[in-house]
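Please keep the sequence and the structure in view while reading.

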Amino acid sequence: EFKAFNTDIVWGAESTCFPNPRACKGCELRYTPGSPEEAACQQFPFLNGGCAIGRAKALAEAFDWMREERARGRIGRDDQENKMWYYNQHFPKRIVLDHEQRIFNNFFGSRRFDFHTRNCSVVSNASGKDVCFAHGNGGTKAEILWPL
């Protein structure tokens, strides 16, 4: 599935912008209005740094950039905010967000009834597909995962 994105890094996406709204750009600023990419962006528009897959060199370059920019005081102290700055401000052509949650499902900002179980699998009602990687960020382990 990673190869289908045709990029160097795929980060998970979620419905909330955390922790710094200044680091978030809306779908309309990143995609052509009315495009399939803008439509896919709507439900899960924002980066969640808890899930990433990518080429080793690209990930190393991203984390080196974040470390250096943080040392210079140019970006914040939160890892997710720094990933958002990297994505939004510097290299959006090399990075995509998994807006359709094809690889990563981030549960923060979701509701319990956004998912169900089928046999021994957790299924996303948004995609109708089995969850590949579940990121139970925040209190969602207790709110969503445990009840499933």
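## Lining of the largest pocket

In this predicted model, the residues that line the largest pocket divide into ten nonpolar, two polar and seven charged. The lining comprises 19 residues, and those that lie nearest the centre of the pocket are Y31, E37, Y87, I95 and V96. Two or more lining residues come from each of the elements α1 (2-5), α2 (27-30), α3 (36-41), α5 (79-90) and β3 (95-98). Among these elements, β3 provides the largest share of the lining, with four residues.

The volume of this largest pocket is about 490 Å³.

## The second largest pocket

The second largest pocket has a volume of about 180 Å³, and its lining divides into two nonpolar, seven polar and three charged residues. The residues in question are E14, F18, N48, G49, G50, D78, D79, Q80, F108, H135, N137 and G138.

Which elements each supply at least two residues of this lining? They are β2 (46-54) and α5, and the greatest contribution is that of β2, which gives three residues.

## A cis peptide bond

F18, one of the residues that line the second largest pocket, is joined to P19 by a cis peptide bond, for which omega is about 5 degrees. P19 itself is placed in the loop between β1 (9-14) and α2.

## Positive phi outside glycine

N6, although it is not a glycine, has a positive phi of about 55 degrees, and N6 is found in the loop that runs between α1 and β1. Is N6 buried or exposed? With a relative accessible area of 70%, N6 is exposed.

N119 likewise has a positive phi, near 55 degrees, in a residue other than glycine. The place of N119 is in the loop between β5 (115-118) and β6 (121-124), and at 77% relative accessibility N119 counts as exposed, because the cut-off for that class is a relative accessible area over 50%.

Conventions. Residues are numbered from 1 along each chain as its sequence is written. This is a predicted model: local features need pLDDT of at least 70, side-chain atom pairs count only at pLDDT 80 or more; totals for chains, interfaces and linings use all residues. Side-chain values use heavy atoms; hydrogens and water are left out. On a 1 Å grid over the protein atoms alone, a cavity is a set of points where a 1.4 Å probe fits but cannot get out, and a pocket is an open set with protein on both sides within 12 Å along at least five of seven lines; lining residues have an atom within 4 Å of a point. Grid points are joined across faces, edges and corners, and a volume is the space filled by probe spheres set on the points. Ala, Val, Leu, Ile, Met, Phe, Trp, Tyr, Cys and Pro count as nonpolar, Asp, Glu, Lys and Arg as charged, and the others, Gly among them, as polar. Buried means under 20% relative accessible area, exposed over 50%, partly exposed in between (1.4 Å probe, protein chains only).
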